[in-house]
Amino acid sequence: MAETLDQKQNFLKGIIKENPVFVMLLGMCPTLGVTSSAFNGLGMGVATLFVLLMSNIVVSLIKSQVPSKVRIPAFIVIIASFVTVVEMVLEAYIPFLYEQLGIFIPLIVVNCLILGRAEAFASKNNLTSSVVDALGMGMGFVIALTALGATREILGNGSIFEFRFVSEDANTFILFILPPGAFIALAYLAIAFNRLTRKLA
Amino acid sequence: MEYLIILIGAVFVNNIVLSQFLGICPFLGVSNKVSTSVGMSGAVLFVMTIATTVTYLLHQYVLVPMGLDYLRTITFILVIAALVQMVEIMLKKVSPPLYQALGVFLPLITTNCAVLGVAILALGLEDGNLLKAVFFAISSSAGFALALIVFASIREFLELADIPEGMKGVPINLLVAGLLSLAFLGFAGLV
């Protein structure tokens with residue numbers, strides 16, 4: 001029983017207490033760079049979740065074989081391999097999303113969230129915990145990116161997931177689609193998130 | 001003229017931090033003092049220029065002729081990680097004062113997405129050649145330095161300002177970055 005409770009805690013910490021975007025400020029480049037619409041945010045989130053999950057699995061399996069001096073380069077190669085897989089799959093099957101995310105797909109490699117989890121968690125824990133940790137952190141990232149993307153799309157374009165709820169010629173805050181809107185929207189979302197978690201606690 | 005366009009484009013119009021969102025981690029992380037942000041900018045200039053030169057040559061003369069284009073991401077990140085280590089070791093030996101100034105920032109640079117980002121972006125320059133790619137890297141790091149130093153100077157003032165409780169820390173920094181990015185939006189259409 002204690003074991004299952006532990007895993008639930010382990011899963012939830014990634015979403016709330018140690019949310020990678022709102023609390024830990026990890027992986028800020030894709031967070032700000034691709035979230036001009038909810039769909040892009042979701043796509044980037046899922047791509048990162050996949051890489052994070054696979055790298056956590058592999059790192060946790062080989063952790064006893066890797067000498068500690070070369071562990072960081074080894075982790076980077078593992079992560080880069082899965083990023084290449086994601087890059088090729090997206091290019092082949094979802095070319096629209098591949099175009100939209102552009103340079104941020106290869107940049108998943110340097111997302112500090114993934115290397116951070118490999119180093120801080122997967123290289124010290126067993127397979128099950130590492131999978132749960134990756135799922136929790138990954139979901140936290142997906143939720144944050146989708147929320148930010150949705151906020152910016154609603155305010156800037158009057159739509160959500162491409163579904164428009166205002167007329168074509170309505171005035172929207174174009175600012176939120178443009179680069180400055182990313183910083184400003186994230187600032188207010190971070191405040192809201194902090195208030196929410198303080199209330200829950 | 002072409003080079004002037006690259007320079008203005010990389011520093012003002014498509015500033016890598018404020019409009020391309022590359023290198024946000026050091027931008028938010030080491031920008032609380034002007035002196036540290038100058039050190040970080042120097043280290044980025046150094047590594048970015050060398051990394052772009054090496055990756056550009058590698059891509060042009062090894063990966064493309066051998067049809068290994070899809071290994072780009074893996075090769076580039078390995079080259080950058082190795083380069084950062086090498087630069088650190090060489091600086092320590094050759095120029096201790098420079099090492100003193102830049103040393104602490106060097107390990108952070110491996111995970112600075114601006115370095116990998118610029119190396120990849122440099123491949124896509126219009127009828128590019130090595131000289132253009134290197135010049136693009138230098139201009140980009142100048143843009144990084146400008147954004148970082150301006151942001152750090154604003155943050156030094158913020159320490160004395162009276163900020164509402166909920167805005168302290170991350171939110172106010174993001175808002176300042178947003179306003180700065182808004183200012184840079186004014187350069188749009190210049191090139």
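Modeller: In this predicted model, the side chains of Arg72(B) and Glu87(A) meet in a salt bridge, with a distance of 3.0 Å from N to O. Arg72(B) lies in helix H4 of chain B and Glu87(A) in helix H4 of chain A, so this pair joins two chains. Glu87(A) counts as buried because its relative accessibility is 9%, and the cut-off for that word is under 20%. Across the interface of chain A and chain B, one salt bridge is found, together with two residue pairs in polar contact, both at pLDDT 80 or more.

On the side of chain A that touches chain B, the elements giving two or more residues are helix H2 (28–33), helix H4 (71–93), helix H6 (112–122) and helix H8 (179–200) of chain A. Of these, H8(A) gives the most, with nine residues. Sorted by class, this side of chain A has 28 nonpolar, three polar and one charged residues.

The contact as a whole takes 32 residues from chain A and 34 residues from chain B. About 2900 Å² is buried between the two chains, and carbon and sulfur atoms give 87% of that area. In chain A, the residues that lose the most area to chain B are Cys29(A), Val110(A) and Phe183(A), which together account for 22% of what that side buries.

Over all chains, the structure holds five salt bridges. One of them is formed by Arg71(A) with Glu119(A), whose closest N and O atoms are 2.8 Å apart. This pair links distant parts of the chain, since Arg71(A) is in helix H4 of chain A and Glu119(A) in helix H6 of chain A, 48 residues apart. Both partners are partly exposed, Arg71(A) at 27% relative accessibility and Glu119(A) with a relative accessible area of 23%.

Another salt bridge within chain A is that of Arg117(A) with Asp133(A), where the closest N and O atoms are 2.9 Å apart. Here too the pair links distant parts of the chain, with Arg117(A) in helix H6 of chain A and Asp133(A) in helix H7 (residues 127–157) of chain A, 16 residues apart. Arg117(A) is buried at 8% relative accessibility, and Asp133(A) is buried with a relative accessible area of 0%. In general, side chains of opposite charge can pair when their charged atoms come close.

Helix H1 of chain A (residues 2–15) also holds Gln7(A), which is buried, with a relative accessible area of 16%. Leaving aside its neighbours within four places in sequence, Gln7(A) is in contact with Thr128(A), Ser129(A) and Val132(A).

Buried residues make up 49% of the 191 residues in chain B. Helix H4 of chain B, which spans residues 72–94, also contains Thr75(B). Not counting residues up to four places away in sequence, Thr75(B) touches Leu58(B) and Leu63(B).

Methods: Residues numbered from 1 in each chain as written. Chains lettered and ligands numbered in written order. Predicted model: local features only at pLDDT ≥ 70, side-chain atom pairs only at ≥ 80, totals over all residues. Heavy atoms only, no water. Helix = DSSP H or I, 4+ residues; strand = E, 2+ residues; numbered from the N terminus. Buried < 20%, exposed > 50% of the residue type's maximum accessible area, 1.4 Å probe, protein only. Contact = heavy atoms within 4.5 Å. Buried area = accessible area lost by both parts, 1.4 Å probe. Salt bridge = Lys/Arg side-chain N within 4 Å of Asp/Glu carboxyl O. Polar contact = N/O pair within 3.5 Å; in protein donor to acceptor, adjacent residues only side chain to side chain. Nonpolar A, V, L, I, M, F, W, Y, C, P; charged D, E, K, R; others polar.
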